[in-house]
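Colleague: Could you take a close look at one part of this model for me? I'd like to follow a charged pair and then its surroundings.

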Amino acid sequence: MIQLKVNGVEQSFDGEPEMPLLWYLRDVLDLTGSKFGCGAGLCGACTVHVNGQATRSCLTTMRDAAGKEVTTIEGLDKDGLHPVQRVWMEINVPQCGYCQAGQIMQAASLLNSKKKPTDQEIDEAMAGNICRCGTYQRIRAAIKAAAGEMT
Amino acid sequence: MSQIENVSRRRFLTGGIIAAGALVLGGRYYRKLSGGKLAHDTNADHATLHPSVYLGIDPDGTVWIVASRSEMGTTSRTTLPLVVADELDADWKRVKVEQALGDSRYGDQNTDGSHWIRSFYDTMRQAGATARLMLMQAAAKQWDVPATECESDLHVVVHRATNRRAGYGELATAAAKLPVPKREELKLKPKSAGRYVGKGQVSYDLEALVTGKAIYGMDAAWTAWCMPRWSTRPFSGAK
């Protein structure tokens with residue numbers, strides 16, 4: 001039996017330990033905010049926090065997630081108003097939105113470790129999150145704005 | 001990983017389009033299978049004033065606008081309803097956009113070819129103009145003034161000469177008793193009078209998009225449905 005915490009709630013899982021965390025989040029817990037994009041850690045759409053670190057949930061097995069604290073886009077803030085989400089709305093970042101949960105989780109993780117990231121640090125941290133609509137400029141602007149808001 | 005397969009953009013997109021298309025077709029067949037019972041009627045269908053399949057107005061002033069196409073990431077779900085709201089002179093904050101399922105009454109629902117604004121711009125304007133005219137006629141009747149002297153302002157009908165005004169919600173019940181005007185009777189607003197179109201409105205779904213609440217084709221689930229799929233391992237590496 002695998003025990004883990006998802007968005008602050010204790011969960012136990014007795015299925016296949018090699019099952020990707022993303023499958024568990026989406027299909028078992030019905031948390032569909034994290035997206036499947038490539039299933040191979042190439043696009044970043046499935047990014048969640050595992051013990052506070054941005055992690056590709058499609059490549060994380062349930063065995064790896066055992067005993068960990070997982071946060072998804074649904075649990076980033078109980079009112080959906082994390083500073084990153086707030087500026088994301090102010091700056092109108094998303095177009096289709098499919099990659100945005102991953103982008104937001106990656107950005108929130110970056111800002112947890114670096115209060116004032118430079119352009120280069122933003123580009124490096126966000127390089128694994130692909131946006132087909134090409135919202136990169138707005139993402140970078142939003143991260144800078146959020147950095148000002150997170151104290 | 002031993003092998004990386006190159007999935008072209010086109011193939012990737014095709015998968016998404018099929019997923020979204022399945023939603024629309026699904027509703028159609030559900031309707032047929034359920035013996036014509038309209039399980040997927042919209043709130044617009046049940047609104048007090050419902051002169052078009054694309055919109056309805058309730059006495060509390062809520063304007064329901066139906067997005068008849070699948071959202072494919074180009075914000076059609078915002079843009080087409082916005083055209084209706086503009087022509088209706090509705091307050092966008094009081095508009096609720098609802099997603100239509102597949103139904104021939106909406107006309108072509110294919111979401112392809114980048115043509116839905118071109119193909120549906122006039123239809124959307126006519127839907128908004130129809131409701132606006134009926135609201136103005138209802139107000140004119142109530143105030144005993146010629147309808148031609150009434151005009152719309154944001155979510156209200158006004159008669160400037162007598163300084164009277166009535167909200168769309170208040171007028172909905174009376175307007176619903178009037179005959180739906182013919183297309184030739186409609187007077188479309190000049191483009192310069194628009195409030196929303198071309199003014200940089202944000203997506204209706206913006207909040208849903210940043211909180212993970214937006215439902216994409218892949219997220220849709222029906223517990224009562226049998227979903228056909230090919231037999232395969234549940235995930236890569238499973239036995």
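Is B:R77 buried or exposed, and what is its relative accessible area?

Modeller: Happy to. A note on the basis: this is a predicted model, in which local features need pLDDT of at least 70 and side-chain atom pairs count only at pLDDT 80 or more, while totals for chains, interfaces and linings use all residues. Residues are numbered from 1 along each chain as its sequence is written, chains are lettered from A and ligands numbered from 1 in the order in which they are written, and side-chain values use heavy atoms, with hydrogens and water left out.

B:R77 is buried, with a relative accessible area of 14%; buried means under 20%, exposed over 50% and partly exposed in between, for a 1.4 Å probe and protein chains only. Its partner in a salt bridge is B:D205, with 2.8 Å between the closest N and O atoms. The term stands for a side-chain nitrogen of Lys or Arg within 4 Å of a carboxyl oxygen of Asp or Glu. This pair links distant parts of the chain, 128 residues apart: B:R77 sits in helix α2 (residues 76–88) of chain B, and B:D205 in the loop between α4 and α5 (206–211) of chain B. Helices here are DSSP runs of H or I with at least four residues, and strands are runs of E with at least two, numbered from the N terminus. B:D205 also counts as buried, at 16% relative accessibility.

B:R105 and B:D103 meet in a salt bridge at 3.3 Å, N to O; B:D103 is buried at 9%, whereas B:R105 is partly exposed at 31%. In chain A, D79 pairs with A:K78 at 3.2 Å; A:K78 is exposed at 76%, and A:D79 is partly exposed at 48%. Over all chains, the structure holds 17 salt bridges.

The axes of helix α3 (residues 116–143) of chain B and helix α4 (residues 168–176) of chain B come within 9 Å and cross at roughly 85°, so α3(B) is roughly perpendicular to α4(B), a label for angles of 65 to 115 degrees. The contact (heavy atoms within 4.5 Å) involves B:R132, B:M134, B:L135, B:A138, B:A139 and B:Q142 of α3(B), and B:Y168, B:L171, B:A172, B:A174 and B:A175 of α4(B). These residues divide into nine nonpolar, one polar and one charged.

Technical notes: Axes are lines fitted to C-alpha atoms, for helices over the stretch in contact, and angles run from 0 to 180 degrees between N-to-C directions. Angles under 35 degrees count as roughly parallel, over 145 as roughly antiparallel, 65 to 115 as roughly perpendicular and the rest as oblique. Ala, Val, Leu, Ile, Met, Phe, Trp, Tyr, Cys and Pro count as nonpolar, Asp, Glu, Lys and Arg as charged, and the others, Gly among them, as polar.
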